[in-house]
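Here is a short tour of one protein chain. Keep the sequence and the 3D view open as you read.

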Amino acid sequence: MINTLVLPRPIEALKLSSTKFDLSRKSKYSRPRMELTLTQPDDWHLHLRDGGLLQAVAPHSAKHFGRAIIMPNLKPPITTTTAAIAYRESILKALPADGNFTPLMTLYLTDKTSPNEIKLAILLTIGSNVLTGRSGVVFAVKLYPAGATTNSQDGVTDLFGKCIPVLEEMVEENMPLLVHGEVTDPNVDVFDREKVFINTVLQPLIQRLPRLKIVMEHITTMDAVRFVESGKEGFLAATVTPQHLILNRNALFQGGLQPHNYCLPVLKRETHRQAIVSAVTSGSKRFFLGTDSAPHERQRKECPCGCAGIYNAPVALSLYAKVFEEAGALDKLEAFTSFNGPDFYGLPRNTLKIKLMRNPWKVPESFSFPLGDIIPMFAGETLQWQPCFP
């Protein structure tokens, strides 16, 4: 709900003339002080890591979101329901005692995952719960092509040759497949890997298993937008990150190499960014919030072989609001952040409300923890929308 009048503005292309990003672009319209009331959002793609890093970053996501789909690419990966339950307990222990955040766990698909593991994920209970359907722990299975991204070395090497029985069981159990949609063939240009994956993997997969629910995660191209829009609603959807809505690939190189803007899939051309903005601000139910917030210690980003991942959990809601405001689509923000995701997963929408105030605030330069510093997205910049929580 928007509590003051919002005057629409056209989408503006991001102009990267320096390493500082203009996040407070002036409008010819005056901007009254505004607040938005939103149903509490969920994050449908989140990396919380483990150990000290989990302890450091979990409270940020728990403050902003009601639930999150937790990525399983740890070392070792979360390949079984037993491991997912243990990881869930570790996450809960890292959360503030007065919070209401719910981690929704996923399994890491491998060449050796069995259909029985999917059955177990559906049926296994926690404590004294009665066997009446889903365990309340595992909500999806994640497909990482082997070598595609961080900790994906144990991922799938032959989806059609080794994983079809598992995918068929997922169809029977209505378990979604979450896809990192890039091929790993070194002969394919890194900027084309999403498009090639759609053509060589996803389209044949949907033809073979049309009732398999698929989420194409962190889409980066107009090709992905068109593919998702062409699929059957309720069976094919996509998550979208703040970085792929706001940055193009110039942000990696402007003013020198920018390691804190490096993520996988890598940022793409401005034309692709604009296509994604148009899709998510259109009101389509096929797209929903997934931050892909992926923290690494500063020393692991600023090094000769820096890790891929952008830590955006503290700023994601502010940045999504910026995108929708610039598109004149603030009235569609709540569906993207709070409705489309749970509707696709068949889960109830949250009942709590949060507010976003149009109140400029400065992003911290870093977050310091015993393990080291973590640099957030747009560190040191001023954002216009600030979340307020009950």
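The secondary structure of this predicted model comes to 12 helices and 13 strands. The protein has 390 residues, and 57% of them count as buried. Take the contacts between residues at least 6 apart in sequence: 75% of these join residues at least 24 apart.

What holds paired strands together? Strands of a sheet pair through backbone hydrogen bonds, either parallel or antiparallel.

Strand 2 and strand 3 run parallel and are joined by 2 bridges. Here Leu46 stands opposite Ile70 in strand 3. Strand 3 covers residues 67–70. Arg67 and Ile69 point one way from strand 3, while Ala68 and Ile70 point the other way. Are these four residues buried or exposed? All are buried.

Now move along to strand 5 (residues 138–143) and strand 6 (residues 177–179). They run parallel, with 3 bridges between them. Leu143 has Val179 in strand 6 as its bridge partner.

Another open sheet has 3 strands in the order 1-10-13, and its pairing is antiparallel. Strand 1 (35–39) and strand 13 stand at the edges. Each has a single partner strand, so one side of each lacks a neighbour in the sheet. Neighbouring strands of this sheet are turned by 35° against each other on average, direction ignored.

Strand 1 pairs with strand 10 (residues 353–362) in the antiparallel sense over 5 bridges. The bridge partner of Thr39 in strand 10 is Lys353. Helix 12 (residues 333–345) lies across strand 1 and strand 10 and runs at about 25° to strand 1.

| Strand pair | Pairing | Bridges |
|---|---|---|
| Strand 2 and strand 3 | parallel | 2 bridges |
| Strand 5 and strand 6 | parallel | 3 bridges |
| Strand 1 and strand 10 | antiparallel | 5 bridges |

**A buried proline**

Where is Pro376 found? Pro376 is in the loop between strand 12 (372–374) and strand 13 (382–388). Its relative accessible area is 2%, so Pro376 counts as buried. Leave out residues up to four places away in sequence. Pro376 then touches Tyr311, Val363, Pro364, Glu365, Ser366 and Phe367. Ile310 is 66 residues from Pro376 along the chain, yet their C-alpha atoms are separated by 7.2 Å.

**Empty space inside**

Rolling a probe the size of a water molecule over the atoms shows where empty space is left. How many cavities of 30 Å³ or more are there? The count comes to 6. About 130 Å³ of space lies in the largest cavity. The largest cavity is lined by 18 residues, and the closest to its centre are His47, Thr149, Leu264, Asp292 and Ala294. By class, its lining has 6 nonpolar, 9 polar and 3 charged residues.

Note on methods. Residues numbered from 1 in each chain as written. Predicted model: local features only at pLDDT ≥ 70, side-chain atom pairs only at ≥ 80, totals over all residues. Heavy atoms only, no water. Pairing = 2+ DSSP bridges. 1 Å grid on protein atoms, 1.4 Å probe; cavity = no way out; pocket = protein on both sides within 12 Å on 5 of 7 lines; lining within 4 Å. Points joined across faces, edges and corners; volume = space filled by probe spheres on them. Nonpolar A, V, L, I, M, F, W, Y, C, P; charged D, E, K, R; others polar. Buried < 20%, exposed > 50% of the residue type's maximum accessible area, 1.4 Å probe, protein only. Contact = heavy atoms within 4.5 Å. Axes fitted to C-alpha atoms, helices over the stretch in contact; angles between N-to-C directions.
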